[in-house]
Amino acid sequence: MRMAFDEPLMRRALDLAKKGLGRTSPNPMVGAVVVRNGGILGEGYHAYAGGPHAEVVALEAAAGATAGADLYVTLEPCCHQGRTPPCTDRIIAAGVRRVVISVLDPNPLVSGRGVETLRAAGVLVELGLLSKESTILNEAFMKFIKSRLPFVVLKAAVSLDGKIATRTGDSHWISGEQSRQRVHELRDQIDAVMVGLGTIRRDDPMLTTRLPSGGRNPIRVIVDGRDSLPLHARVFHSTSSSPTWVAVTADAPRTRIDILERHGLTVIEAGGSNGRVNLHHLLKRLGEREVTSVMIEGGEGIFTSAIEAGIIDRFLVFVAPILIGGKTAPSLFGGAGIEHLVQALRLERVRVEQLGEDLLIEGYHSPKEVSG
């Protein structure tokens, strides 16, 4: 039976789970709260992969006062031996009376079995409280565990007329300071950022996280179908703090690959040929390396290829109140374009946020099934 304080306590568990943003991959973010009569006895969250799970942290924080208590947890407790022992065993041993779970774990080793284990031991279990919020929080994990493919975000800064740079390639800066700050926050939360060779040549970006607190650098994935990266680029001079992986086609010359590897780069053969990396294959290769989330940051070529391939899950477009013009200036989405508006890609769950003078437009798309 739902209690009046159930929702506020689950929201507290969700707030705790968010403390693991960017730190738990390939595991999910999870928060937990131990309660008796609406009063919190202990709480915790999963801080990093391989570390103690949220339920264990919360139970230990309750300092032995767990018999007859309620446990609120944002994701179904695990019931199998992984990097850590089963959480269901700890919950049962602690004498917890009731467990309120927001959403089931999609992992086939857990899904539904954690609930069954608890109920078989006489623990009351309630499901579904704030399930939408919990699912969105772990959208990357949910996709990865089901498909072994990373969740893909497209991030772009555009003018009012849809340009991502001038006709000469100048793009510094289209978006304002608050938008650029948000990008660094996103990098701190994502497993990998991806750009095409043209962006490296034109902008020579670092693709690192620069926040007042420092932050965590994502893996940098350079899509280099022609296997001709400029080795003087800045992304190749800070590989100790931010690994750089280079995706090449199946027919990339072995001699060039050897040169890249001698420079400390990880080379990924991602399929494709004649200078065009197969993005579907690249996502599979990244998934095999337990990369659960990728943010594509440019430029027009890889934006267009990714949209046409149907691999984008979430769009983040920072729109600046400027006009650039120019028929040859690069756009967010190039290529041949569509013939009829009914063919247009339409976003769902659209959200608009103002960041200084810019607007951040966020929306989701259901990618095509990956084949091959």
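1. Strands E6 and E13 pair in the parallel sense over four bridges; strands (E, at least two residues) and helices (H or I, at least four) are DSSP runs numbered from the N terminus, and two strands count as paired if DSSP finds at least two bridges between them. Leucine 154 stands opposite isoleucine 296 in E13. Strand E7 (residues 192-196) is also joined to E13 by four bridges, and these two strands run parallel. Here valine 195 stands opposite glycine 298 of E13.

2. On provenance: this is a predicted model, in which local features need pLDDT of at least 70 and side-chain atom pairs count only at pLDDT 80 or more, while totals for chains, interfaces and linings use all residues. Residues are numbered from 1 along each chain as its sequence is written, and side-chain values use heavy atoms, with hydrogens and water left out.

3. The sheet is open and has nine strands in the order E10-E9-E8-E7-E13-E6-E14-E16-E15, with mixed pairing. Its edges are strand E10 (266-269) and strand E15 (348-355), each of which pairs on one side only. Neighbouring strands are turned by 20° against each other on average, direction ignored; axes are lines fitted to C-alpha atoms, for helices over the stretch in contact, and angles run from 0 to 180 degrees between N-to-C directions.

4. Leucine 355 has aspartate 358 in E16 as its bridge partner. Helix H6 (residues 139-147) lies across E6, E13, strand E14 (314-319) and E16, at about 135° to E6.

5. How many of the six residues of E13 are buried? Six of the six are, so E13 is largely enclosed by the rest of the structure. Buried means under 20% relative accessible area, exposed over 50%, and partly exposed in between (1.4 Å probe, protein chains only).

6. Lysine 155 forms a salt bridge with glutamate 297, the closest N and O atoms being 3.3 Å apart; the term requires a side-chain nitrogen of Lys or Arg within 4 Å of a carboxyl oxygen of Asp or Glu. The pair links distant parts of the chain, with lysine 155 in strand E6 (residues 151-158) and glutamate 297 in strand E13 (residues 293-298), 142 residues apart. Both partners are buried: lysine 155 has a relative accessible area of 11% and glutamate 297 one of 12%.

7. The structure holds 23 salt bridges. One of them lies within helix H10 (residues 279-288), where glutamate 288 and arginine 285 are three residues, or about one helical turn, apart. Their closest N and O atoms are 3.0 Å apart. Glutamate 288 is exposed at 55% relative accessible area, whereas arginine 285 is partly exposed at 23%. Elsewhere, salt bridges that share partners join Glu139, Arg182, Glu185, Arg314, Arg351, Glu353 and Glu362 into one network.

8. The largest nonpolar core has 34 residues, of which Met194, Leu282, Leu286, Ile296 and Ile312 touch the most other members. A core here is a set of buried Ala, Val, Leu, Ile, Met, Phe, Trp, Tyr and Cys residues joined through side-chain atoms within 4.5 Å. Elements giving two or more residues to this core include E6, E7, H10, E13 and E14. The largest share, five residues, comes from H11. Leucine 282 touches Met194, Val223, Ala247, Ile268, Ala270 and Val277, leaving aside residues up to four places away in sequence; contact means heavy atoms within 4.5 Å. A second, separate core of 33 residues includes Leu186, Phe236, Val246 and Leu265.

9. Helix H9 has one buried face. Its buried residues are Arg256, Ile257 and Leu260.

10. Aspartate 258 is partly exposed at 29% relative accessibility, as is arginine 254 at 47%. Just after the helix, glycine 264 takes a positive phi of about 85°.
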